[in-house]
Amino acid sequence: MIGEIITQLIRFILLIFVQVLVLNQIEISGELNGFIIPNLYVLFLLMLPVNINKILLLFICFLTGLTVDIFGGTAGMHASACLVLGFFRPGFLHLIAPREGYETTLKLNMAGMGGSTFLIYASTLILIHHLVLFLVEAFTFLNFFELLLRVITCSISTLLLTVLSQFLTQRNREVAK
Amino acid sequence: MRNFFVLIRKYNFFIVFLLLEVVSGVLLVQNSTYQRAAIVGTSNELVGQMYAAYSNVTDYLILGETNRVLAAENARLRKADSSSFYDPKFEIMKVNDSLGLQQYEYISARVINNTVTRVNNYITLDKGSLQGVKPDDAVIGSTGVVGIVKDVSEHFSTVMSVLNSNYKVSSRIKKNDYCGSTVWDGDSPQFAQLFDIPSHAQVTVGDTIVTSAFSGIYPQGVMVGRVSEIGTSGESFKEIKLRLSTDFQKLSYVYVVRNLMKAERDTLEAKTLDVK
């Protein structure tokens, strides 16, 4: 139990660092400006234990979003998006659950869930998160099509990094064995 | 009341969600400096230290921008340096020769602004009326003609450069004295056209073109350029392309030439024309 908490904490710190110091600093000039903003820190929320208390999950989501907000100076934006993610996560996990239900020791990563299930799980929740994030950021439905395009391209970039990180950590684990 | 608590327990997940969503909404809407300071204040120290360490790394990435800013600052400081103040000293080169009478006087001047890319190019010099520069004085460089003074202020003067479509230099072929006029075609700053040379005149590539004294502005024999191409326009005149001897793209010091007898000559010519 303690080991699990420490693992999650390390993952949290690592992902927040990567998000704040690397990904938030990406500036792409020209046409693509604003269309590639990966939010890799979402991976932390995706990989929280499967049987986590739902209320606790909401609070963790809120605090995670708030941390990113504090560094980005965008009070409330990421927090509300993460909350929506946390709200939909239990229901969605239930929806895609295998017939016999989840084992409590199941790791919510590519190795644990299997590639395609993890992709569906991650891409859906990332899409929800980004949709809320950009809607809250824009706070308007004007230019909705362009906003949708941004949501999709940013989600894809986040998903790419998520899958990439899965491969990286997975290989390390195999080597460690 | 009991039902109310049952309701809360039943939907506690949704209620917590709504509650936190409202909190973040409030944060978002009231994103005033006070709110931001209140949130950030608790972790200010941590955030500050982290960004300090971060900027140590990123400083290397923005060296280009930093260089630009420093260069701008250098320029500002240099402006305050003594070398950037106007130098009121000037020299008029005069030769007192008892055998002849002085006709031309030379004033050295520095080019402080110069264009070559427009159709009508002008040069600005750092000498003006206080140093004796007058409109219609000729300007020559060390290798050839430059232009003619157009306007004069107390300390500066503007020069209509040869690279100006409104300007004709009266020129002649040095070896056989045929006269024509040199006009810039607005194309390359290295080449100009020589017009009005009759088609029977003997011209070969490489011939020297100098100024004629017809205009009364230039001293005669100042180098204009060398013939680089010969064509024919119509039947009676040759069309000659010449390479200008002055490199306008790196002009820095020039001489303003004052014709001391210009007034005398002008009045005489005007009188003759009046009689006609």
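Buried area is the accessible area, taken with a 1.4 Å probe, that two parts lose on being put together, summed over both. The legends below refer to a predicted model.

**View 1. The interface of chain B with chain A in the predicted model.** Between them, chain B and chain A bury about 2,200 Å², and 82% of this lies on carbon and sulfur atoms. Chain A supplies 25 residues to the contact and chain B supplies 20. Zero salt bridges are counted between chain B and chain A.

**View 2. Helix α3 of chain A against helix α2 of chain B.** The helices shown are α3(A), residues 54-72, and α2(B), residues 12-29. Their axes come within 9 Å and cross at roughly 15 degrees. Angles under 35 degrees count as roughly parallel, so α3(A) is roughly parallel to α2(B). The crossing of α3(A) with α2(B) is right-handed. From α3(A), the contact takes A:Lys54, A:Ile55, A:Leu58, A:Phe59, A:Phe62 and A:Leu66. From α2(B), the contact takes B:Asn12, B:Phe13, B:Val16, B:Phe17, B:Leu20, B:Val23, B:Ser24 and B:Leu27. By class, the contact of α3(A) with α2(B) has eleven nonpolar, two polar and one charged residues.

**View 3. Helix α3 against helix α4 within chain A.** The axes of α3(A) and α4(A), the latter spanning residues 77-95, come within 7 Å and cross at roughly 155 degrees. The two helices are therefore roughly antiparallel to each other. α3(A) passes α4(A) in a right-handed crossing. Residues of α3(A) in the contact include A:Leu57, A:Leu58, A:Cys61, A:Phe62 and A:Gly65. On α4(A), the contact residues include A:Ala79, A:Cys82, A:Leu83, A:Gly86 and A:Phe87. The residues of the contact of α3(A) with α4(A) comprise twelve nonpolar, three polar and three charged.

**View 4. Helix α4 against helix α6 within chain A.** The axis of α4(A) comes within 8 Å of the axis of α6(A), residues 115-138, and the two cross at roughly 150 degrees. α4(A) is therefore roughly antiparallel to α6(A). The crossing of α4(A) with α6(A) is right-handed. Among the α4(A) residues that meet α6(A) are A:Ala81, A:Val84, A:Leu85, A:Phe88 and A:Phe92. On α6(A), the residues include A:Tyr121, A:Leu125, A:Ile128, A:His129 and A:Val132. The contact of α4(A) with α6(A) divides into 15 nonpolar, four polar and two charged residues.

Terms used
Residues numbered from 1 in each chain as written. Chains lettered and ligands numbered in written order. Predicted model: local features only at pLDDT ≥ 70, side-chain atom pairs only at ≥ 80, totals over all residues. Heavy atoms only, no water. Axes fitted to C-alpha atoms, helices over the stretch in contact; angles between N-to-C directions. Helix = DSSP H or I, 4+ residues; strand = E, 2+ residues; numbered from the N terminus. Parallel < 35°, antiparallel > 145°, perpendicular 65-115°, else oblique. Left-handed = near helix turned anticlockwise from the far one by under 90°. Contact = heavy atoms within 4.5 Å. Nonpolar A, V, L, I, M, F, W, Y, C, P; charged D, E, K, R; others polar. Salt bridge = Lys/Arg side-chain N within 4 Å of Asp/Glu carboxyl O.
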